[in-house]
Amino acid sequence: MAAVATTTGKGFDFSAYLEDARQRVETALDAALPPERPESLREAMRYSLLAGGKRLRPILCLAACELAGGDAALALPTAVALEMVHTMSLIHDDLPAMDNDDLRRGRPTNHKVYGEANAILAGDALLTRAFEMVALRSPGVAAERLLAVVGELSLASGAPGLVGGQVVDLDCEGKSVDLDTLEYIHLHKTGALLRACVLCGAHIAGASAALLEALGTYARGIGLAFQIIDDILDVTASSEVLGKTAGKDLTADKTTYPKLLGLEASRQRADALVGEAKAALAPFAEGELGGLKAAPLLALADYITSRDR
Ligand code: GRG
């Protein structure tokens with residue numbers, strides 16, 4: 001795959017980059033769920049996976065691979081795996097036993113269409129297919145790099161990541177929560193998978209320990225900022241634009257950054273976190289080549305606070 005980063009006469013063209021990366025990801029997602037039995041399970045998996053999210057997580061993975069000097073094509077199966085884990089978490093999050101939502105990515109939620117049992121199983125099948133993508137469908141990547149990816153995916157998906165964050169989030173509904181606990185929820189429920197995205201992309205390229213550490217700092221900043229903006233959009237945007245039910249946090253009596261700090265201070269906090277994330281990459285963005293390689297991750301950090309959905 002040619003370098004995903006594209007430039008114009010004026011410099012890095014982020015819109016063209018996003019469009020190109022999204023197309024590559026969509027094609028790979030489609031190919032990752034070919035005809036297989038049982039057809040009903042495949043249909044439920046494809047319904048949510050191919051419903052057109054922003055694809056931020058797989059794109060972060062490809063961009064990190066390129067910053068580390070790797071070929072983004074080799075990271076594509078891992079990028080698909082990360083979007084599968086994310087989609088699984090959305091399906092499960094929407095279930096009646098969790099957030100009980102009926103709108104996701106602009107369509108009825110998976111369990112509304114296929115029933116609860118099938119939605120749980122579609123999520124389970126996406127989660128396990130994610131590990132299959134890495135272990136069995138990543139040609140050309142050395143086994144020890146794939147092992148590092150499997151490690152990151154496991155940490156992000158399980159108790160130290162998504163599941164742990166979700167448990168504390170559910171437990172805190174209707175209770176008053178301090179900033180520390182809120183940060184724990186955000187860093188686990190949302191931040192852990194974003195961290196895995198950049199670290200997995202970097203592992204595929206055999207990144208140095210110094211770059212992995214910088215990417216960990218970058219991920220912490222964008223992970224928290226992403227969830228703060230998510231909380232802000234829940235208050236300020238419409239369900240139509242978001243493609244999911246707006247105002248849910250208030251209805252579920254959840255503590256959010258806007259609730260604790262107010263909208264303006266929350267936005268300032270998100271901007272500061274994105275600044276910290278970008279600063280962590282500064283040593284790797286030096287020179288013309290460094291600047292070109294780091295441009296996508298720097299622009300993606302800004303995109304997190306400027307997005308409207
Ligand atoms: C069963 C192993 C296992 C894990 C599931 C349900 C759960 C545990 C965790 C919930 C995680 C969750 C849904 C966090 C919210 C993260 C978030 C802000 C999602 C929205 O992401 P976007 O805006 O969505 O990138 P799109 O649709 O654009 O991809």
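How do the axes of helix α4 (residues 72–93) and helix α6 (residues 116–136) cross, and within what distance do they come?

1. Basis. This is a predicted model, in which local features need pLDDT of at least 70 and side-chain atom pairs count only at pLDDT 80 or more, while totals for chains, interfaces and linings use all residues. Residues are numbered from 1 along each chain as its sequence is written, and side-chain values use heavy atoms, with hydrogens and water left out.

2. Helices α4 and α6. The two axes come within 8 Å and cross at roughly 160°. Therefore α4 is roughly antiparallel to α6 (angles under 35 degrees count as roughly parallel, over 145 as roughly antiparallel, 65 to 115 as roughly perpendicular and the rest as oblique). Helices (H or I, at least four residues) are DSSP runs, numbered from the N terminus. Axes are lines fitted to C-alpha atoms, for helices over the stretch in contact, with angles running from 0 to 180 degrees between N-to-C directions. The crossing of α4 and α6 is left-handed, a term used if the near helix is turned anticlockwise from the far one by less than a right angle.

3. Residues between α4 and α6. On α4 the contact (heavy atoms within 4.5 Å) includes P77, V80, M84, M88 and I91. Among the α6 residues that take part are I120, D124, L127, R129 and M133. By class, the contact of α4 with α6 has 14 nonpolar, four polar and two charged residues. Here Ala, Val, Leu, Ile, Met, Phe, Trp, Tyr, Cys and Pro count as nonpolar, Asp, Glu, Lys and Arg as charged, and the others, Gly among them, as polar.

4. A79. This residue also lies in helix α4. A79 counts as buried because its relative accessibility is 1% (buried means under 20% relative accessible area, exposed over 50%, partly exposed in between, with a 1.4 Å probe and protein chains only). Not counting residues up to four places away in sequence, A79 touches P58, C61 and L62. A79 and K54 are 25 residues apart in sequence, with their C-alpha atoms 13 Å apart in space.

5. Helices α8 and α9. The axes of α8 and helix α9 (residues 179–204) come within 7 Å and cross at roughly 140°, so α8 is oblique to α9. This crossing is left-handed. L162, G164, G165, Q166, V168, D169 and C172 in α8 meet T181, Y184, I185, H188 and K189 in α9. The class count for the contact of α8 with α9 is five nonpolar, five polar and two charged residues.

6. D169. Leaving aside residues up to four places away in sequence, D169 touches I185, K189 and K254.

7. S266 is placed in helix α14 (residues 263–281) and counts as buried because its relative accessibility is 0%. Not counting residues up to four places away in sequence, S266 touches I228, I232, Y257, P258 and L261. L212 belongs to helix α10 (residues 209–236). With the sequence exclusion of up to four places, L212 touches L199, A202, H203 and A207. L212 and P283 are 71 residues apart in sequence and 13 Å apart in space, C-alpha to C-alpha.

How values were computed: Helices (H or I, at least four residues) and strands (E, at least two) are DSSP runs, numbered from the N terminus.
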